Amino acid sequence: MTLTLSHSTKRLLLSLLCLGLGIVYLFPYAWMVLTGFRSAVDTLSLRFIFEPTLEGFRSVLGDSIFRAYMLNSIIVSTLTTAVVLTVAAPAAFALAHLPIRGTGFLLFVLIVRMVPGIAILIPIYLVASRLGVLDTHGVLIVLYATFNLPFAIWLLRGFFCDVPGEIREAAIIDGCSELQVFLKIMLPLTSSGIVATGVFVFIAAWNEFLFALALTNSFASTAPLAMVAFRSEYGVQWPSIGAAAFIISTPVVLFAVVMQRFLVRGLTMGSVKG
């Protein structure tokens, strides 16, 4: 006997499934927000009903070190995104439309992207120490750009491949140079893909923790490291940790929401083109 479900029943089941997945994925974020508005006693007691308090936010926003770390994250993430897009866009254009052999290069950049940071952390630390660039914005920008560049090239190449080659050929016939084709034709046509790639790179740089922890001390430390300061030998300051996590994550969440249509396009089009 075959069980046949009506259309409304299927939609109901699908909605329940999506609701369940949404609860699973959003629960950690919701718990983090609740931690920022609860006292330490309420957090340790796992209470969902509590008297809200802003003590954690007052502690975090009044901390000059936390504000400095947030500024460092803004500087490093913004400059990393700018460097990556400046290098990745022409490289992706060349791989997509110019008569060069790029298959091996694409495989190489993907392999580089898959190398875990912990595997090369010690050599990078020794080189940075020898060059005297520890605890500087520059070392983080260079590293973040290096690790995000392969992904950006791979993603942007898909967007450039979406543009028909006939457009480039027609522009060349009309007397445009390759640079003019890239700047005046390809960049405007792939602007949504470039924005999507920039969002991914910015979020990756903003959330990076390992290299910032190992290569900075205080001057260039980024916002994720501020979370460590609220844990000491006297205990864990749960309200401050929750408030700091909320403040650090909120700009990225809002940024992703604003750029949602570009992100969806980047995931469904550019990233699957070969």
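Let's start with contacts in the protein chain, meaning heavy atoms within 4.5 Å. Take contacts between residues at least 6 apart in sequence: 76% of them join residues at least 24 apart.

A word on the source. This is a predicted model, where local features need pLDDT of at least 70, side-chain atom pairs count only at pLDDT 80 or more, and totals for chains, interfaces and linings use all residues. Residues are numbered from 1 along each chain as its sequence is written, and side-chain values use heavy atoms, with hydrogens and water left out.

Next, the chain itself. It has 14 helices and two strands. Helices are DSSP runs of H or I with at least four residues, strands are E runs of at least two, and numbering goes from the N terminus.

UniProt, in an unreviewed entry, places "transmembrane region" at several stretches, including residues 12–31 and 138–160. Such annotations may be inferred rather than shown by experiment. In the model, residues 12–31 are 100% helix, with end C-alpha atoms 27 Å apart. Residues 138–160 are also 100% helix, and their ends lie 30 Å apart.

Helix H4, residues 64–97, packs against helix H9, residues 178–189, at about 100°, with axes 11 Å apart. Axes are lines fitted to C-alpha atoms over the stretch in contact, and angles run from 0 to 180 degrees between N-to-C directions. So H4 and H9 are roughly perpendicular, the word for 65 to 115 degrees. H4 brings Ala-89, Pro-90, Phe-93 and His-97 to the contact. From H9 come Glu-178, Val-181, Phe-182, Met-186 and Leu-187.

Conventions:
Angles under 35 degrees count as roughly parallel, over 145 as roughly antiparallel, 65 to 115 as roughly perpendicular and the rest as oblique.
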